[in-house]
Amino acid sequence: MDLRSLSRMVGRSGRHAAAALTLVLAVASVADGQPPDVSATSPTARLFTGGRLIVGDGRVIENGAFLVRGERIVRVGNAAEVTAAVAPGATVVELGGRTVMPALVNTHAHLGWEGYTSWGSGNFTRDNLVDHLHRHAYYGVGTIISTGSDLEEVALEVRLAQRVGEFGGARYLVSPGGGTPGGGPNPRFTNDAGWWGLHAVTSPAEAREVVRAEAARGVRILKIWVDARDEQRGARVKLHPDIYAAILDEAQAQDIRVIAHATTLEDHKRLIAAGARRFIHMPYDAAVDDEYLELVAARNVFIVPTIGMVTRREPYRRPVYEDPFFQEQVPDEVVAMLRDAAAGDGAPPRTAADDARARVVRDNFMRLRDHVILGTDAGAVGDFFGYADHLELELFVRLGMTPAEAIEAATTRAARAFGLDETGAVEAGRSADFVVLDADPLDDITNTREIAAVYLRGVEVDREALRARWTE
Ligand SMILES: [Zn+2]
């Protein structure tokens with residue numbers, strides 16, 4: 001931790017300010033002319049100690065400590081065993097009883113289109129993508145999968161530029177989309193004059209060709225739209241089971257992970273039988289039955305329920321623009337714009353059908369709780385990057401999860417769903433992607449918003465500078 005951020009934290013007002021961090025710097029000796037030292041005595045080694053560690057997989061370490069070397073966590077344990085003695089010369093960062101949890105892993109969002117005062121394909125530039133990666137980082141999201149709406153030439157270039165260190169932000173993963181001609185995302189995207197389309201496929205052979213071409217471009221995640229999404233375009237044709245079977249089979253051969261957009265129980269069952277293991281959305285049309293639950297358990301399926309999207313009209317939802325935690329990252333004019341838009345948005349009266357659907361969502365969610373992972377749909381239908389992730393966690397708990405379960409769904413399990421072994425846990429060997437919190441989210445899930453600091457790949461995110469940039 002640098003001194004600037006230390007002084008910022010010490011200077012924080014509010015109920016947690018008393019627990020100021022203390023910093024002990026030890027000077028490492030580096031021989032002249034030697035390459036950068038990455039041993040335990042390097043100044044880049046930092047020992048974070050004296051906090052509650054939420055590992056991410058359900059374990060909690062009281063009075064814990066962990067050693068970060070470069071961008072990796074190299075040792076984790078309790079503060080009595082992981083001491084300065086195991087890392088002589090390391091910078092010691094006293095956590096002062098704070099809570100550390102893994103950075104979040106968001107598996108469903110749409111980067112690039114949001115402009116905060118505008119929305120559309122015209123916003124899809126490198127600069128805007130980088131901004132969205134920083135938005136996620138600001139809120140403690142370490143990894144983001146953008147699903148099926150990215151302009152691939154731009155997206156893959158930005159992904160590569162991030163990997164070679166040109167900028168920070170949440171780790172960017174791109175998931176191109178495939179579907180039936182005229183299918184794909186909702187009209188909000190497809191009615192845009194600049195919509196670049198999806199990979200439309202009409203036969204199993206074509207589908208395999210698309211998967212192979214994406215693999216050759218370095219794509220590791222693919223989204224498929226199974227629903228007949230767009231009545232306006234007259235598609236009304238679901239992706240044929242023979243086609244998605246070919247995609248799933250070819251993807252397996254190419255080491256590509258597929259996530260399927262499907263919202264009905266029947267489609268979920270067929271897709272799982274064909275080899276699908278990841279879903280954007282859960283069945284919203286019917287109560288899940290034992291046959292489905294057995295399939296989900298036997299095939300180790302992961303579900304992104306996207307509760308924020310399906311509960312937008314629930315009476316308990318307060319508007320984002322009223323929340324100071326949201327307001328931190330936008331200028332007043334954006335708050336005013338959202339307020340005006342909401343005032344003109346006459347919500348239809350709530351019906352018995354709405355209530356019935358809300359019950360199905362809640363019941364299905366709880367029956368699938370061990371398979372749920374985090375995804376927000378931010379960038380498409382609202383709630384906004386990074387902020388939406390905390391809302392989703394809150395909604396998981398509102399529907400019945402414990403805070404510990406919600407955090408596991410949003411970190412370790414979400415990472416595992418996509419084979420992202422390098423992140424998602426405060427664990428030796430993983431990337432140092434974590435959030436330091438002033439209050440414990442295991443007591444109250446909304447404490448994930450009490451962010452003292454975010455570290456991604458071992459580097460502290462300069463939240464203050466980002467906030468200043470966004471609110472000016
Ligand atoms: Zn989406």
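**Entry 1: Asp377**

I looked up Asp377 in this predicted model and found it in the loop between helix 12 and helix 13. For my own reference, helices (H or I, at least four residues) and strands (E, at least two) are DSSP runs, numbered from the N terminus. Is Asp377 buried or exposed? Asp377 counts as buried, at 7% relative accessibility. I noted the cut-offs: buried is under 20% relative accessible area, exposed is over 50%, and partly exposed lies in between (1.4 Å probe, protein chains only). I also checked the backbone, where phi of Asp377 is near 65°, a positive value in a residue other than glycine. Most residues other than glycine have a negative phi.

**Entry 2: the zinc ion**

Which protein donors does the zinc ion have? I found His108 (NE2), His110 (NE2) and Asp377 (OD), lying 2.1 Å from the ion. Donors here are N, O and S atoms within 2.8 Å of the metal (3.2 Å for Na, K and Ca); water is not among the atoms, so sites may look incomplete. Along the sequence, the spacing of these donor residues reads H-x1-H-x266-D. His110 sits in the loop between strand 7 (104–109) and helix 2 (126–138), and Asp377 in the loop between helix 12 (352–367) and helix 13 (387–398), so the pair ties together parts that are 267 residues apart in sequence. Like Asp377, His110 is buried.

Two strands pair if DSSP finds at least two bridges between them. Ile54 has Val60 in strand 3 as its bridge partner. This hairpin has five residues between the strands, and Gly56 takes a positive phi near 120° there.

Next I went on to strand 4 (residues 72–78), which is joined to strand 3 by six bridges and runs antiparallel to it. Here Ala65 stands opposite Gly77 in strand 4. Two residues lie between strand 3 and strand 4 in their hairpin, and Gly70 in the turn has a positive phi of about 60°.

**Entry 3: strands 8 and 9**

How do strand 8 (residues 141–147) and strand 9 run? They run parallel, joined by five bridges, with Thr143 opposite Arg171 in strand 9. Together with helix 3 (residues 152–163), these strands make a right-handed β-α-β unit. Right-handed means that, with the strands pointing away from the viewer, the path from the first strand over the helix to the second runs clockwise.

I then asked how many residues of strand 9 (residues 171–175) are buried. Five of the five are, so the strand is largely enclosed by the rest of the structure. Both faces are covered, with Arg171, Leu173 and Ser175 on one side and Tyr172 and Val174 on the other.

I traced an open sheet of six strands, paired in parallel, in the order 11-10-12-13-14-15. Strand 11 (199–200) and strand 15 (302–304) stand at the edges with a single partner strand each, so one side of each is left without a neighbour in the sheet. Strands of a sheet pair through backbone hydrogen bonds. Strand 12 (residues 221–225) and strand 13 (residues 257–261) are parallel partners over five bridges, and Ile221 stands opposite Arg257.

**Entry 4: Thr180**

Thr180 is in the loop between strand 10 (177–179) and helix 4 (187–190), and is buried with a relative accessible area of 9%. Contact means heavy atoms within 4.5 Å. Leaving aside neighbours within four places in sequence, Thr180 is in contact with Leu198, Val201, Val237, Lys238 and Leu239. Thr180 and Val237 are 57 residues apart in sequence and 7.0 Å apart in space, C-alpha to C-alpha.

**Entry 5: the whole protein and its confidence**

I noted 16 helices and 18 strands, and 56% of the 472 residues count as buried. The average pLDDT (the predictor's confidence in each residue, from 0 to 100) is 89, and 89% of the residues score at least 70. Over residues 1–41 the pLDDT is below 50. Where pLDDT is low, the predicted coordinates should not be read in detail.

**Ground rules**

Residues are numbered from 1 along each chain as its sequence is written, and side-chain values use heavy atoms, with hydrogens and water left out. Because the model is predicted, local features need pLDDT of at least 70 and side-chain atom pairs count only at pLDDT 80 or more, while totals for chains, interfaces and linings use all residues.
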